[in-house]
Amino acid sequence: MLSLIAPRDLGPVPALAVAAFVALAVFAWTERTVLVDPEGLSVSYWPWKLWQIGSLAIGLGGVWWVWLSSRRVPWVRSLALGVLALAVLANAYTDLFGDHWGNVWRTVNPLFIGSSTVAGVALWRCGCASGRVAGVISLALGSLVFANGYFINNGIIWQILDPVRMLASLAWAAGACVTNTFDIENT
């Protein structure tokens, strides 16, 4: 089973296809949340929380799959993180996604949480003190998005997290293009 997400050193087109597949799979899962939460109760409703486990699993596994499969074309990682930052910008500050704004948030959150785990591990493994601090900050930011997205849902925290998520995604994008510090063969 682990060989399915093992490093593949994909070329540009397959790596882009993997990234698009992951994003669309999370969106498809979260778009069907209405099946378990027809009243839109969201965070306070346990069936909704249980349904979100699927999107978290797809998001976490998928982001790691993209990371491990794009070692030859690390710019794909940067592009995916840049698109993630743009999705936050468009959903928080425009009406681009219309009635699907909630589905977009439920797609962005697991992808961001997955990205924070990859960034945290990659930064920690760089070995320098500043990288380790940045890795801990990345993991803490992902944990905050997880807590607020699935348990607290505080609007003021979201107002703070929206620009922070955009900046973090762009910072990770800058580093993702030049690093391959987490290789399965090295563990």
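The model is predicted, with local features requiring pLDDT of at least 70 and side-chain atom pairs pLDDT 80 or more, whereas totals for chains, interfaces and linings use all residues. Residues are numbered from 1 along each chain as its sequence is written, and side-chain values use heavy atoms, without hydrogens and water.

**First stop**

A pocket here is an open set of points on a 1 Å grid over the protein atoms alone, where a 1.4 Å probe fits, with protein on both sides within 12 Å along at least five of seven lines; lining residues have an atom within 4 Å of a point. Next, colour helices H1 (12-31), H2 (46-69), H3 (75-93), H4 (101-125) and H6 (155-176), each of which gives two or more residues to the lining. H4 supplies the largest share, 9 residues. The lining comprises 29 nonpolar, 6 polar and 1 charged residues.

**Second stop**

Now select Ser42, Trp48, Trp101, Gly102 and Arg106, which lie nearest the centre of the second largest pocket, itself lined by 23 residues. About 460 Å³ of space lies in this pocket. H1, H2, H4, helix H5 (129-152) and H6 each give two or more residues to its lining. H4 again gives the most, with 6 residues. By class, 7 nonpolar, 11 polar and 5 charged residues form this lining.

Terms used: Helix = DSSP H or I, 4+ residues; strand = E, 2+ residues; numbered from the N terminus. Nonpolar A, V, L, I, M, F, W, Y, C, P; charged D, E, K, R; others polar. Points joined across faces, edges and corners; volume = space filled by probe spheres on them.
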